[in-house]
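Here are my comments on the model you sent. Please keep the coordinates open while you read.

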Amino acid sequence: MKKSILIVEDIHSIREAIMDLLSTKFNVFGAEHFEEAVWYLTNEKIDLTITDIRLPGKSGIDLVKLIQKEFPHVLYALMTAYNINEYIKYAKDLHIWNIIPKYSFLDIHLIEVMVEKLLSNDIFGIEKYFNSDFKVYNQNINSEFEEAPNNGIIYKQIKSDQDRSILCGKISKNLIQLGAPKAIQQVLEELTSNAMIRAPRTQEGDYKYQFEIPSHDMVVPLDNIQLMPDDYFLIGYGATESTIFIVVRDQFGSLRKEEILHRLDRHISIDESTGFPKGLEDSHGRGLYICREISDQLIFNIERGVCTETIAMINREGRTGFKSLSIYEVEPKPEANQ
């Protein structure tokens with residue numbers, strides 16, 4: 001049975017374009033404003049609502065609040081033509097995990113992928129964002145560095161801090177030659193550091209490769225880390241004609257969507273007494289914020305206790321708009337608990 005989607009957008013051409021895109025796979029309804037959206041929510045079985053933030057009269061934020069209160073079975077996501085960073089605090093406070101920019105690279109297809117992921121809970125894999133001829137090379141994860149494939153991604157396994165340092169250096173050089181900014185090195189360092197140091201946990205939830213000082217919100221990593229086999233993680237890299245990307249995938253799924261929004265909000269919000277970001281002195285969180293600022297899109301896929309996959313995409317033709325907020329988190333499948 002087809003799932004039903006409600007698109008709430010006051011600009012007719014945008015609303016119709018999104019509806020046309022999704023209508024081949026889903027039952028799609030369109031609303032121009034808050035009141036019309038409420039009518040559809042009341043009279044139709046809606047599975048997912050995608051609403052513009054700015055609407056005539058009551059806003060998309062108001063609609064999300066109503067859905068949370070009156071229609072808790074309905075999933076929701078936002079879209080906007082404005083800077084999504086302006087809405088991070090709303091996202092944190094209201095548990096909004098996905099906000100899509102209406103005017104940037106991958107726009108329409110990004111909406112299609114978001115819908116598929118939200119309604120199916122099939123969230124992993126960068127290949128979802130590209131055409132069917134996109135190739136995934138994961139047969140030789142233990143081999144030496146290879147150049148990034150064209151129209152595909154290649155994965156390598158990281159077993160130690162030394163592996164990580166060597167591979168990150170070679171990957172960054174390769175991707176810079178393909179047109180990535182020099183700051184791609186920092187994205188690699190931050191994402192792989194998180195997978196190696198912050199992700200691995202004991203059964204009690206303690207960090208394996210760093211010391212935590214909760215009173216100072218500090219963590220201190222060990223030196224010369226050699227990972228245990230269960231803690232190995234993957235780094236993927238590659239390119240298409242339009243996009244350069246990095247994927248880092250760990251085996252823990254310990255990152256939480258609430259933590260992501262908390263850290264982003266800390267580094268986006270300004271402390272009025274100092275004029276600087278509230279999270280300026282935080283021991284962690286800056287890396288996540290920096291990775292998002294460098295990347296055109298930063299996507300988090302999380303299966304609790306199983307896997308965290310972070311995808312960083314960079315447009316090869318330069319930045320063309322605001323970046324999305326894309327966080328997907330699912331509970332582990334029953335067989336994963338057995």
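1. A caveat comes before the rest. This is a predicted model. Residue numbers start from 1 along each chain.

2. The UniProt record, an unreviewed entry, annotates Asp 52 as "modified residue: 4-aspartylphosphate". In the model, Asp 52 sits in strand β3. The relative accessible area of Asp 52 is 5%. The cut-off for buried is under 20%, so Asp 52 counts as buried.

3. Which residues does Asp 52 touch, beyond those up to four places away in sequence? They are Val 8, Glu 9, Asp 10, Gly 60, Met 79, Thr 80 and Lys 102.

4. Helix α2 spans residues 34-43. Phe 34, Ala 37, Tyr 40 and Leu 41 are buried there. Viewed down the α2 axis, these buried residues fall within an arc of 125 degrees, so they line one face of the helix.

5. Next, look at α6 and α7. Two packed helices are described by the angle between their axes and the distance between the axes. Here the axes of α6 (residues 161-177) and α7 come within 9 Å and cross at roughly 150 degrees. Angles over 145 degrees count as roughly antiparallel, so α6 is roughly antiparallel to α7. Their crossing is right-handed.

6. What does each helix bring to that contact? From α6 come Asp 161, Arg 164, Cys 168, Gly 169, Ile 171, Ser 172, Leu 175 and Ile 176. From α7 come Ile 184, Gln 185, Leu 188, Glu 189, Thr 192, Ser 193 and Met 196.

7. Ile 123 deserves a look. It lies in the loop between α5 (107-120) and β6 (135-137). Is Ile 123 buried or exposed? At 2% relative accessibility, Ile 123 counts as buried. Its contacts, leaving aside neighbours within four places in sequence, are Lys 117, Lys 128, Asn 301, Ile 302, Glu 309, Tyr 328 and Val 330. Glu 309 is 186 residues away along the chain from Ile 123, yet their C-alpha atoms are separated by 9.3 Å.

8. Asp 265 is in helix α8 (residues 257-268). Its relative accessible area is 10%, and Asp 265 is buried. Beyond residues up to four places away in sequence, Asp 265 touches Ile 88, Lys 89 and Lys 92.

9. Helix α8 also packs on α9. Their axes are 9 Å apart, at an angle of about 80 degrees. That makes α8 roughly perpendicular to α9. Ile 260, Leu 264, His 267 and Ile 268 of α8 make the contact with Arg 286, Leu 288, Tyr 289 and Arg 292 of α9.

10. Finish with α9 itself, residues 286-294. Its buried residues are Gly 287, Leu 288, Cys 291, Arg 292 and Ile 294. Seen down the axis, they fall within an arc of 165 degrees, so they line one face of α9. What covers them includes helices α4 (88-94), α7 (184-198) and α8, along with strands β12 (297-303), β13 (307-315) and β14 (325-330).

Key
This is a predicted model: local features need pLDDT of at least 70, side-chain atom pairs count only at pLDDT 80 or more; totals for chains, interfaces and linings use all residues. Side-chain values use heavy atoms; hydrogens and water are left out. Helices (H or I, at least four residues) and strands (E, at least two) are DSSP runs, numbered from the N terminus. Buried means under 20% relative accessible area, exposed over 50%, partly exposed in between (1.4 Å probe, protein chains only). Contact means heavy atoms within 4.5 Å. The arc is that of the directions from the helix axis to the C-beta atoms. UniProt positions are given in the numbering used here, feature names are shortened, and annotations may be inferred rather than shown by experiment. Axes are lines fitted to C-alpha atoms, for helices over the stretch in contact, and angles run from 0 to 180 degrees between N-to-C directions. Angles under 35 degrees count as roughly parallel, over 145 as roughly antiparallel, 65 to 115 as roughly perpendicular and the rest as oblique. A crossing is left-handed if the near helix is turned anticlockwise from the far one by less than a right angle, and right-handed if clockwise.
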